[in-house]
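Please look first at the sequence and the model, and turn the model slowly before reading on. The paragraphs below are meant to be read with both in view.

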Amino acid sequence: MVDIAQAWSVAQAALEKPGNPVLTATSWTIACSYLSPSRRTNETGPLELERAATDALQQIERAGLQDNLLTWYLAQVRLCFTQLQHTIIAFLDEYDNAAARDDEAGQAADVVARLLHQIGLWTRTWQRPIDAFWPTAAPLASYRQCCLTSLYSVLPPRFSHAFTTYLRSLLHSPSSPSSPSSSLSPHSLAMPTLITLLDRYDPLLFGLIYDEIEKKVDRDCRGDFAAPKLAALNDWLAGGVLGWVSTIYARSVEGGQEEAKKMLKPTFSRFEYHVNKVLCALRTTELFDMIVDFPSSLPALEDLKSCLYKTDQRTLLVSRLRDSMDRRLLHPGADTKDIITQYISTIKCLRVLDPQGVLLSRVADPIRQYLRSREDTIRCIVTSLIEEGNELVAELVATDARPLQDARDEAENFNDPKWTPDPIDAPLDFRKSKGSDIIQLLVSIYDTKDVFVKELQVLLAQRLLLIKDYALEREIKNVEILKIRFGEASLQGCEVMIKDLQDSKRIDQHVHDEAPDIPIHLTIVSRLFWPSLPNPALKLPGQLGKAQASYNHQFALLKPDKKLRWLPQHGSVNLTLSLSDRSLTFDCSPLQASVIELFGTKDTWSAEAAVSHVLEVEAEVVQSVDSQQVEQMRVYTKFLQGILTNLGPQPATRMHTTLSTVIPDYKGHTIEELQSLLEIMQAEGLVEKSGNDWRIVK
């Protein structure tokens with residue numbers, strides 16, 4: 001007799017063996033049906049297991065098929081993402097419609113927040129079986145990787161734009177989305193998914209921050225040079241942008257926001273570098289205007305100096321500033337005085353940026369060459385040196401001022417204990433602009449300071465001839481100051497001219513003591529020490545002629561060994577003209593006074609008759625410095641004829657070198673002056689030019 005109960009137990013045990021294919025297949029079907037992610041998309045909380053599902057999963061585990069079941073489950077998750085792609089596209093369509101309405105820009109951000117929240121619900125719901133049946137770390141990591149891969153595959157390209165817009169709205173939001181007061185807002189609910197997606201879309205976040213930095217710099221700094229901006233930008237970066245980024249990442253790291261800041265420190269350094277780079281790029285485009293506004297632009301220059309140190313955009317600065325100079329300054333429409341003023345400001349500004357002077361040496365060369373090509377540069381510089389209130393006057397009287405040197409005399413002093421090698425990026429002619437003296441830099445535009453000394457003499461002669469009451473205090477002060485810089489020997493001629501006026505005052509006082517009725521006062525000059533003064537044949541008829549004769553007589557009594565040679569065209573006459581209805585008192589030239597006096601004898605004069613009484617029209621009071629220099633070069637005519645006779649045809653450059661070598665007094669003359677002299681000799685028929693060579697006319 002068979003024991004039925006015992007037989008049933010044996011049969012049941014056989015069915016429950018791990019290798020039983022029927023039971024395993026049945027359990028697989030039950031488990032797959034229960035675990036399918038398509039059954040649940042928005043469930044939360046722990047997974048509640050039914051009895052049948054628990055038994056089925058235990059049987060699969062006994063059969064060693066739990067890894068196969070995990071593989072199947074991950075495949076189902078990927079399939080669900082594909083099936084839910086239409087939901088994602090629907091959200092993005094809603095975003096596009098909301099973004100098209102400018103007045104509802106915030107609504108577009110809310111749509112993206114709801115999409116991110118929905119994606120988070122899906123991933124958290126589908127993770128519940130993983131937490132329940134595969135509680136170890138490896139299956140969870142596989143699930144998360146599967147979710148990210150599947151999600152990235154179904155997100156369309158336009159999601160990047162929507163995600164960037166959402167990040168920008170968070171950055172501009174007045175309150176943090178992670179604050180407790182907003183824990184149930186769409187943005188807070190979307191935050192976990194946002195943090196997850198940043199692993200892939202962090203370039204969008206960083207690109208957004210770079211874009212915000214560029215807008216902030218342009219909005220706050222463009223055209224404003226009177227206040228420092230870099231510190232405020234760094235404060236905004238550290239307090240606003242970086243605080244916001246660290247708040248986002250604080251959810252994904254242990255230790256909260258402080259730990260997130262430590263983790264993101266390299267990234268923050270890149271943001272800070274970008275601030276300096278963008279501000280530097282902006283200021284280099286505005287540097288010309290900053291130079292014009294100096295010294296009120298000093299705060300902006302200090303910011304630029306700091307940015308250059310951190311970003312090393314010196315080459316960009318030089319290129320942009322030289323382009324601005326060529327376009328806005330170095331053209332025929334700019335006045336020479338304005339160019340010199342801008343050059344002086346450029347020197348001061350670039351020394352703020354680079355005390356070593358490398359930037360100045362690279363930027364200043366085109367300005368110096370252009371100034372050298374202008375005929376009135378020397379006169380403008382010299383006028384500025386003695387013009388009351390000019391900034392160069394302060395440079396002249398500076399306590400640390402040193403005597404000026406010729407540009408070709410400057411050389412390295414290797415015995416100086418403070419000597420340092422040139423910077424690695426210094427140009428070849430760096431030493432010429434290395435000095436700290438602005439006046440030295442202006443003088444070094446030309447090879448020698450002698451051209452300035454000659455112009456100083458011409459300008460001083462003009463000013464002295466305009467003095468009517470022998471008030472020389474200002475001119476004496478100017479000459480004494482200039483002697484400190486140019487040397488006493490160079491300004492010896494200026495001292496002689498001043499002494500001539502002092503002697504003239506004493507002589508004139510003596511003459512008028514002896515003959516008080518003489519209505520004229522004289523300035524008596526030494527012919528050899530004054531610039532060449534033209535002497536046209538001008539007669540002084542009538543009252544002026546009688547006064548001239550009386551003065552001659554008194555002077556002869558005082559100095560019988562000397563004789564006056566009159567230059568009446570350089571004086572002025574205070575004249576009272578009586579008309580039928582009124583009287584006019586004014587200053588005029590002796591020529592004008594002579595012509596007016598002619599009408600005291602008769603009412604009508606022909607031009608020829610007037611010329612016969614008063615010859616020659618007025619000429620310039622003092623010749624220009626260029627014509628004087630050429631006239632002074634005539635002493636070298638015989639030397640040039642000898643060179644061309646003995647050595648044959650020569651170019652002007654070679655003759656210039658020969659004269660500089662064999663004639664010590666030739667020092668200070670330029671090749672341009674020699675060319676002018678050769679052209680005069682050519683006009684006189686002494687030499688002729690063939691190609692680049694000059695030769696004697698046979």
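The model is a predicted one, in which local features need pLDDT of at least 70 and side-chain atom pairs count only at pLDDT 80 or more, while totals for chains, interfaces and linings use all residues. Residues are numbered from 1 along each chain as its sequence is written, and side-chain values use heavy atoms, with hydrogens and water left out.

The protein chain has 30 helices and 5 strands, where helices (H or I, at least four residues) and strands (E, at least two) are DSSP runs numbered from the N terminus. Of its 698 residues, 44% count as buried, a word that here means under 20% relative accessible area, with exposed meaning over 50% and partly exposed in between, for a 1.4 Å probe and protein chains only. If we take the contacts between residues at least 6 apart in sequence, 71% of them join residues at least 24 apart, and contact means heavy atoms within 4.5 Å.

Helix 18 (residues 377–386) meets helix 21 (residues 450–466) at an angle of about 65°, and their axes are 9 Å apart; axes are lines fitted to C-alpha atoms, for helices over the stretch in contact, and angles run from 0 to 180 degrees between N-to-C directions. On the side of helix 18 the contact is made by I378, R379, I381, V382, T383 and I386, and on the side of helix 21 by V451, F452, E455, L456, V458, L459, Q462 and R463. Sorted by class, this contact has 9 nonpolar, 2 polar and 3 charged residues, where Ala, Val, Leu, Ile, Met, Phe, Trp, Tyr, Cys and Pro count as nonpolar, Asp, Glu, Lys and Arg as charged, and the others, Gly among them, as polar.

The aromatic rings give another view of the chain. Rings of Phe, Tyr and Trp (its six-membered ring) pair if their centres lie within 6.5 Å, and planes under 30 degrees apart count as stacked, over 60 as edge-to-face and the rest as tilted; by this rule the count comes to 7 aromatic pairs. In one of them, the ring centres of F81 and W126 are 5.1 Å apart and the planes stand at 85°, so the pair is edge-to-face. This pair links distant parts of the chain, since F81 lies in helix 4 (residues 66–83) and W126 in helix 6 (residues 105–133), 45 residues apart. F81 is buried, with a relative accessible area of 0%, and W126 is buried with a relative accessible area of 0%. W126 also pairs with W122, and that pair is stacked, with 6.3 Å from centre to centre and 15° between the planes. Both W122 and W126 belong to helix 6, where they are 4 residues apart, about one turn of the helix. W122 counts as buried too, at 3% relative accessibility, and ring pairs link F81, W122 and W126 into a cluster.

Turn now to the strands. Strands of a sheet pair through backbone hydrogen bonds, either parallel or antiparallel. Two strands pair if DSSP finds at least two bridges between them, and strand 1 (residues 573–578) pairs with strand 2 (residues 583–588) in the antiparallel sense over 6 bridges. The two are joined by a hairpin of 4 residues, and V573 stands opposite C588 in strand 2.

Strand 4 and strand 5 (residues 693–696) pair over 4 bridges, with K689 opposite W694 and V687 opposite I696. In their hairpin, which has 2 residues between the strands, G691 takes a positive phi near 70°. Strand 3 is joined to strand 5 by 2 bridges, and Q650 stands opposite W694.

Finally, I520 lies in the loop between helix 23 (492–514) and helix 24 (542–558). I520 is buried, with a relative accessible area of 17%, and, not counting residues up to four places away in sequence, I520 touches D508, H512, A547, Q548, Y551 and W566. I520 and S572 are 52 residues apart in sequence and 9.8 Å apart in space, C-alpha to C-alpha.
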